[in-house]
Amino acid sequence: MAIRQLSETLINQIAAGEVIERPASAAKELIENALDAGATRIEIATSGGGKALLRVSDNGSGMDAADLELAVRRHCTSKISETLEDIRTLGFRGEALPSIGSVARLSIASRRRDSAGGHEIAVAGGKIAHLRPAAANPGTIVEVRDLFFATPARLKFLKTEKAEAGAITEIVKRMAIAFPAVRFVLSGSDRTTLEFPATGDDHLARMAQVLGKEFRDNAIALDAVREEIALTGFAGVPTFNRGNSAHQYAFVNGRPVQDKLILSAIRGAYAETIPSGRYPVAVLAIRLDPALVDVNVHPAKSDVRFRDPGLVRGLIVGAIREALARDGSRAATTGASDMLRSFRAGFQPNGQRPQAQWSAETSPSRPYQPTTGFGERPQASFDGLSMPTARAEPQFSPQPASAEPTARYPLGAARAQIHANYIVAQTEDGLVIVDQHAAHERLVFEAMRKALHSKRLASQVLLIPEIVDIPEEDCDRLMQHAAVLSELGLAIERFGPGAIAVRETPAMLGEVDAHGLIRQLADEIAEWDTASGLSAKLEYVAATMACHGSVRSGRRLRPEEMNALLREMEVTPGSGQCNHGRPTYIELKLSDIERLFGRS
C-alpha cells in the first residue's frame, strides 16, 4: 500500500482527539487562553453538558484581525518563541482552537481595548470562513457549538449531559482555586448558576468558596522551601476527610495538574491518620524554576515531570507532616455538627427517644480483637523499647492531689467517665468528649514510632540467604537504597547481574516472604523512586501492637489518670485521631450546647 500525505483537516481531527477528549477539555483550553490574556472576569455558559453549546467570555487583552486569522491555525501562539524550557503561561502549544474548530462549529469574536471595533472569525469542521467586522466589547468571546459533529465516533463515547456538565464544573473549580483574583461565573440551561467572586490575594477565602466554609476552620497552612522548590497551600486536619480524592487540588507554577507523584505524596503524608477508604482534603501550590519541570508531557497538559521527583515528594510529605505535628491534633469542627445532628435525629416528634442497647462488645468503635497473638520473634524486636502499658501516667511531675485541675488547658479538666470508655472534660468555653482507648492507642503508637526511627531496627539473620531473581535494572535501583533498607533491618547484597541476596530481614515482621518483599520494593522504587513500603509495614505492626497495649474500653480510670491522658494528648502529634483514623475526641462549644436547648 502506497504512503500518502494526509489532508490538513484529517490531521487536525487526529490531533483534536488528543487535545479535546470531552467538553470539559475544550472548556479547560478556552479558560486557560482567557487567563493568559490577563482576564479578571470569565463567564462560562453551557447547554447540553457542553455538547450543544460552550461559550467562554472574558475581559482580557483581546485580539486584532491579524491575530484572529492566525489563532485558528495550528501551532500559532503568542506564548513561546524558540524554547520549551521557560514556559510561564498555561497554554503554549497553539493547538486548542484549531483542534476545536476541526471537530465543532467554532466562532471567535474579539476586540482590543485600544481598537475602535472588533472582528469575528468562524471555523466549522476544519473549514475557516472569511474574517469579518463585528460589534464586540473589549476582550474575547469564544463559542463552540455541536462539539464532535464532524467526528461522530467520538460523540458516541461521551457520557450523559449531567456527567459532562459536572466535569466542566470541576474544571472551573480548579481554575478558580488557582486564580483567586479572577471572578468566575458558570451558567447555562443545564445547570444552576455558580459564581465565584474575586477574593484578591486571600487564597483561603477562595478555597472556602469552592470547598465549603468548613475547610477554612479545618485547614492548616503550609509554607515550606527545599532547595529551589517552594510549597504553599493548605492541608485539612486528618479528621476532616472525604470519601474520594476529588477534594485534593495540586498546582505547579499556577497550572492545575493531576499528577500521580503529588497524589501519592499526599497519601503518604497522611499515613496512619486517615481511615481506610477515606481521603484528606488538601490544596497544594508548588513553585519552581520552569526549567526544572516538563509540562509538555501530554497535549492536555495535566501531567508534569519533575527533574528531581524525589525532592518534590520529600518536600510535600515533610511539609504536611510538620504541619500536622504542629497543628493537626485538633478535632475537625464538623464533629460537633455531626453530634448535634445525631442528637436531633435521636428524638422522635413526640419527644420520645428510641431505646437502644449499647455494649463495648458490639460497638463499631470497639478495639481490634485479633484471632492469633504475636509470636516471640516479632515481639523480640521491642526488647530495647519501653513496652506499652495500660497505665496513663503523666510524663511530667504530677500536680498535688489537692490541686484542682484547671479548665484552661486546650482539652480541659476531666470531670467524669461515661460507660467506662468516654472521658468528659470541661474547657473554658465548652466540653470535650474523649475516647480513652483511641486516644491512648495513639499515644502508645507515637512513642513506638519515635523509638523505631531513633535507631537501626533489630533484624534476624537468615541461616541460608534467600536469592531473589529480578531484572538487572531493578537490582540497580534496590542497591541504591541498600543503606536505607539496612536501617530498617533488611540487609541485601548483589548476587550477580540479575539477582539479590537477602541476608537479614526485620525481626519485627516475623516470618517474611523475602521474594515477595523484594519484588514489591523493586516495583515501588521503579514507580516512585522511594522504598517507603517496608517502613510502612513496620509501622503497621507497631500500630497493631499499640492497639493491644493501650487503655481498654471498659476500664475505669481515676481522675488523675484521666487528666494525665488529656495532658499527654495535648503534647503528642496526631493525637486528634487514632491509628485507624477515627477521631479521638469531639469538642462542643457552649454555643453548640445552647442550640440543643433552644437558647440561641
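1. In what order do the five strands of the open sheet with mixed pairing stand? The order is β10-β11-β16-β13-β14. Bear in mind that this is a predicted model. The edge strands are β10 (219-226) and β14 (255-257). Each of these two pairs on one side only. From one strand to the next, the twist averages 20°.

2. Look next at the β14 end of this sheet. Strand β13 (residues 248-252) is joined to β14 by three bridges. The two strands run antiparallel. Find Val 252, and you will see Arg 255 of β14 standing opposite.

3. Leu 204 sits in helix α7 (residues 203-211). Is Leu 204 buried or exposed? The relative accessible area of Leu 204 is 16%. Buried means under 20%, so Leu 204 counts as buried. Set aside the neighbours within four places in sequence. Leu 204 is then in contact with Phe 215, Arg 216, Ala 219 and Phe 234. Consider Phe 234 in particular. Leu 204 and Phe 234 are 30 residues apart in sequence. In space they are 8.0 Å apart, C-alpha to C-alpha.

4. Step back to the whole protein. There are 19 helices and 25 strands. The protein has 600 residues, and 48% of them are buried. Now count the contacts with a separation of 6 or more. Residues 24 or more positions apart account for 70% of these.

5. Two helices deserve a check: α2 (residues 23-36) and α6 (residues 161-178). They pack at an angle of about 25°, and their axes are 8 Å apart. Angles under 35 degrees count as roughly parallel, so α2 and α6 are roughly parallel to each other. The crossing of α2 past α6 is right-handed.

6. Which residues of α2 and α6 meet? From α2 come Pro 23, Ala 24, Ala 27, Lys 28, Ile 31, Glu 32 and Leu 35. From α6 come Glu 164, Ala 167, Ile 168, Ile 171, Val 172 and Met 175. The residues of this contact divide into 10 nonpolar, no polar and three charged.

7. Strand β7 (residues 139-145) is mostly covered. Five of its seven residues are buried. Strand β2 (residues 53-58) pairs with β7 over six bridges, in the antiparallel sense. There, Arg 55 stands opposite Glu 143 of β7. Strand β3 (residues 105-111) is joined to β7 by seven bridges, and this pair also runs antiparallel. Here Ser 110 stands opposite Thr 140 of β7.

8. Finish with an open sheet of three strands. The order is β22-β24-β23, and the pairing is antiparallel. Why is one side of β22 (459-469) and of β23 (491-494) left without a neighbour in the sheet? Both stand at the edges, each with a single partner strand, so one side of each has no neighbour there. Neighbouring strands of this sheet are turned by 20° against each other on average, direction ignored.

9. Within that sheet, seven bridges join β22 to strand β24 (residues 499-506). Ser 459 stands opposite Pro 506 in β24. Helix α14 (residues 472-480) packs on the sheet and touches β23 and β24. The direction of α14 makes about 135° with that of β23.

Conventions: Residues are numbered from 1 along each chain as its sequence is written. This is a predicted model: local features need pLDDT of at least 70, side-chain atom pairs count only at pLDDT 80 or more; totals for chains, interfaces and linings use all residues. Side-chain values use heavy atoms; hydrogens and water are left out. Axes are lines fitted to C-alpha atoms, for helices over the stretch in contact, and angles run from 0 to 180 degrees between N-to-C directions. Helices (H or I, at least four residues) and strands (E, at least two) are DSSP runs, numbered from the N terminus. Angles under 35 degrees count as roughly parallel, over 145 as roughly antiparallel, 65 to 115 as roughly perpendicular and the rest as oblique. A crossing is left-handed if the near helix is turned anticlockwise from the far one by less than a right angle, and right-handed if clockwise. Contact means heavy atoms within 4.5 Å. Ala, Val, Leu, Ile, Met, Phe, Trp, Tyr, Cys and Pro count as nonpolar, Asp, Glu, Lys and Arg as charged, and the others, Gly among them, as polar. Two strands pair if DSSP finds at least two bridges between them. Buried means under 20% relative accessible area, exposed over 50%, partly exposed in between (1.4 Å probe, protein chains only).
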